[in-house]
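Hello,

Here is the structure I promised to pass on. My notes follow below it.

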Amino acid sequence: MATPRLPPLPSIRDLLRLYRLRAVQQLSQNFLLDSGVCARLARAAGPLRDAHVCEVGPGPGSVTRAILAQRPAGVTLVEKDTRFLPALLMLREAAQPCPVRIVAGDVLLYDMEAAFPVSPTPWEEPCTSAYILGNLPFSISTPLVVRWLRDVSRRQGAWKHGRVRMALTFQKEVAERLAAEAGAEQRCRLSVVAQAFCQVQHRFTLGGHVFTPRPDVDVGVVVLTPLREPRVDVPFETLEKVARGLFNMRQKSILRGTQTLYPEPVRRQLAADTLRLAELDPACRPFQLTVEEAGRLSRAYLDICSVHPQLAPYEYRVHGKHGGLDLAQGVSL
């Protein structure tokens, strides 16, 4: 059943005053109050009419109103800050007969599969009529999107239902990194991992002045659409580990970055072997690599570890440059 227009409601500014709600700095809260901007964010990922929408961090419900105005089939709201529950409950009542489910909890702990009461759509078919939207707190935006990209790669969580699209806010520089192509200055680990499993579009930028309180940075709206086929043939964790190693040495050659995947004293030889297997120029810089080239490097790393499985647990961040010597024992070069 189509959702009628919302009845008259107090403005978001009035609700903030009524319930004495202020943004909490520790939660990185910045409210969107401009209805036109909210509508633009709600439309970013695609048409929401008759769709199921999960909004992360709705706060007082300004973007939620814009979502409901498009007449979705149902909405799930995940909000950690219980101060906003009275405003969201008022909105749920006004939205009838459109079902609005409110989940009071931390999205980092929430099972996203439960957000969508829809039958699964085969991955090879067009994107399912389900969307994730969110004006994300800056403090959780990067770890959250990395977790969701992992779920996309495994087709788990929300993505058990099919190819669910996301429209999310990030600090402008993070949005630029997500969308940065090979050779771009902003190219980073996040670029490679996101683009391996999703089409990434930096749709538009919002000036800090449209938020309350005003953040020190502008905000980018990014749409991530899961790909039918990933651009790499390696597990998410392997690609993420290799990309992290490469970009830890961003200004160095990929040879130096690849060396961080292995412990001493086998580091130099195995890094050279890995690049040879991947057919990559050791002098290349990490930001010059395409997703496919990073995938080849990750596949070569997996091949090395299949021969020497004791090397797989080595982590440069944990063991350090001179740690993990015991892992290199028994490796013949």
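Pro97 sits in the loop between α4 (85–94) and β4 (100–104). Helices (H or I, at least four residues) and strands (E, at least two) are DSSP runs, numbered from the N terminus. The peptide bond between Gln96 and Pro97 is cis, with omega about 10°.

This is a predicted model: local features need pLDDT of at least 70, side-chain atom pairs count only at pLDDT 80 or more, and totals for chains, interfaces and linings use all residues. Residues are numbered from 1 along each chain as its sequence is written, and side-chain values use heavy atoms, with hydrogens and water left out.

A cis bond also joins Glu264 and Pro265, with omega about 5°. Pro265 is in the loop between α9 (254–259) and α10 (267–278). Most peptide bonds are trans, and most residues other than glycine have a negative phi.

Now for phi. Arg71 has a positive value, near 60°. Its loop runs between α3 (62–69) and β3 (74–79). Glu279 has a positive phi of about 55°. Glu279 lies in the loop between α10 and α11 (291–307). Glu279 counts as exposed because its relative accessibility is 65%; Arg71, at 25%, counts as partly exposed. Buried means under 20% relative accessible area, exposed over 50%, partly exposed in between (1.4 Å probe, protein chains only).

Last, strand β5 (residues 130–134). Five of its five residues are buried, so β5 is largely enclosed by the rest of the structure. Ala130, Ile132 and Gly134 cover one side, Tyr131 and Leu133 the other.

Best wishes
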